[in-house]
Amino acid sequence: MPAKKSVLPARRKKKDPVLEKWAKEYARALIVSAHPDDAEFLCGGTIAMLCDLGLEVTLCVATSGDKGTRDFTIRQQELAATREAETRAACRALGVKHTVFWGMPDGFLEEGHELRGMVVRLIRTLKPDLMITWDGFRAGFNHTDHRVIGRAVRDALYPAAHDPHYYAELAQQGIGPHRTAELLMAGAHDPDYHVDVEPYLERKAEAIACHASQVENRSKDEILNTWLQAGKRNRERRKQTGFDHAESFRRIEFRRPAGAPGTPPAKRTR
Ligand SMILES: [Zn+2]
């Protein structure tokens with residue numbers, strides 16, 4: 001594998017072995033969200049950084065977000081098309097290479113073996129090293145779709161995606177097992193890992209501004225300025241995360257024993 005050029009700022013290089021690992025060892029990242037703008041709000045800065053580190057990033061959006069409006073004159077199908085176009089534009093701003101839209105009805109994701117099987121197929125096909133999704137296990141209020149997709153991803157990763165006896169029809173089609181190395185759960189009640197996204201705020205703001213139907217047509221600069229002012233004021237956040245502008249996750253690492261079903265070869269190709 002050719003050596004990767006690091007784009008991490010020097011001050012981070014010494015301090016954060018997690019980011020070093022992402023830069024050196026990971027080839028692909030997969031984000032699975034419930035609604036078209038979830039990923040940009042939750043982790044747009046982290047996604048932009050992963051793209052800059054050279055990872056091939058895919059965003060999968062489970063529902064079409066067809067109920068994301070208070071305007072009853074808008075047809076749901078029209079809104080779904082608008083939101084898909086907004087997401088594609090946001091992904092271009094962040095550097096995301098691939099998008100997958102499942103187009104399921106907003107607000108009606110159902111937990112069960114069918115949805116888990118869709119996630120398993122996606123994982124086995126794209127073979128990500130790193131995944132990001134909602135924390136579907138957090139206590140307290142959360143949207144049902146956020147909860148359901150978070151749990152589906154978590155349950156797909158272990159053990160279904162790497163155990164060939166789960167969803168055996170996939171293995172029969174040549175869609176073999178895969179072990180992902182790491183999961184970041186966003187929107188967690190008790191995050192244990194924080195990414196400094198200050199260098200990526202502008203791209204994150206640009207991506208969010210692409211979701212014009214959701215942000216009342218606020219401009220990139222308006223969004224950015226709100227964050228910059230809040231970052232300076234928010235001492236509590238700085239105390240918790242160590243940064244003025246952070247995206248926070250619950251982080252889980254999975255073992256990839258050499259030779260086990262789904263463990264990628266030691267030398268990855270990009
Ligand atoms: Zn959402």
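**Reading the assignments in a predicted model**

Biologist: Why does Tyr167 count as buried?

Modeller: Tyr167 has 22 C-beta neighbours inside 10 Å. The cut-off for buried is 20 or more, so Tyr167 counts as buried. The model is predicted, and the count is computed from its atoms.

Biologist: Where is Tyr167, and what is its phi?

Modeller: Tyr167 belongs to the loop between α6 and α7. Its phi is positive, about 45°, although Tyr167 is not a glycine. Most residues other than glycine have a negative phi.

Biologist: Glu216 has a positive phi too, about 50°, and is not a glycine. What makes Glu216 count as exposed?

Modeller: Glu216 has 7 C-beta neighbours inside 10 Å. Exposed requires 12 or fewer, so Glu216 counts as exposed. Glu216 sits in the loop between α8 and α9 (220–233).

Biologist: Why is Ala188 called partly exposed?

Modeller: Around Ala188 there are 19 other C-beta atoms within 10 Å. Buried needs 20 or more and exposed needs 12 or fewer, so Ala188 is partly exposed. Ala188 lies in the loop between β5 and β6. Not counting residues up to four places away in sequence, Ala188 touches Asp135, Arg138, Phe249 and Arg250.

Biologist: What makes Arg28 buried?

Modeller: Arg28 has 21 other C-beta atoms within 10 Å; with the cut-off at 20 or more, Arg28 is therefore buried. Arg28 is part of strand β1 (residues 28–33). Apart from neighbours within four places in sequence, its contacts are Leu55, Glu56, Leu126, Lys127, Pro128 and Asp129.

Biologist: What joins β4 to β5?

Modeller: 5 bridges join β4 to strand β5 (residues 182–186), and these two run parallel. Strand β4 (residues 130–134) is mostly covered, with 5 of its 5 residues buried.

Biologist: Why are β3 and β6 called edge strands?

Modeller: The open sheet has 7 strands in the order β3-β2-β1-β4-β5-β7-β6, with mixed pairing. β3 (98–104) and β6 (193–196) are the edge strands; each pairs on one side only. On average, neighbouring strands of this sheet are turned by 25° against each other, direction ignored.

Biologist: What makes α4 and α8 roughly antiparallel?

Modeller: Helix α4 (residues 76–94) and helix α8 (residues 201–209) pack at about 170°, with axes 8 Å apart. An angle over 145 degrees is the criterion, so α4 and α8 are roughly antiparallel. Ala90, Ala93 and Leu94 of α4 make the contact with Arg203, Glu206 and Ala207 of α8. These contact residues divide into 4 nonpolar, no polar and 2 charged.

Biologist: Which residues are joined by a cis peptide bond?

Modeller: Tyr158 and Pro159 are, with omega at about -5°. Pro159 lies in the loop between α6 and α7 (168–172). Most peptide bonds are trans.

Biologist: Why is the chain called as compact as a globular protein of its length?

Modeller: The chain holds 10 helices and 7 strands. Its radius of gyration is 18 Å, close to the 18 Å from the globule rule for 270 residues, so the chain is as compact as a globular protein of that length. Of the 270 residues, 42% count as buried. Among contacts with a separation of 6 or more, 76% come from residues 24 or more positions apart.

Technical notes: Residues are numbered from 1 along each chain as its sequence is written. This is a predicted model: local features need pLDDT of at least 70, side-chain atom pairs count only at pLDDT 80 or more; totals for chains, interfaces and linings use all residues. Helices (H or I, at least four residues) and strands (E, at least two) are DSSP runs, numbered from the N terminus. Two residues are in contact if their C-beta atoms, placed from the backbone, lie within 7 Å. The radius of gyration is taken over C-alpha atoms; the globule rule is 2.2 Å times the number of residues to the power 0.38. Axes are lines fitted to C-alpha atoms, for helices over the stretch in contact, and angles run from 0 to 180 degrees between N-to-C directions. Angles under 35 degrees count as roughly parallel, over 145 as roughly antiparallel, 65 to 115 as roughly perpendicular and the rest as oblique. Ala, Val, Leu, Ile, Met, Phe, Trp, Tyr, Cys and Pro count as nonpolar, Asp, Glu, Lys and Arg as charged, and the others, Gly among them, as polar. Two strands pair if DSSP finds at least two bridges between them.
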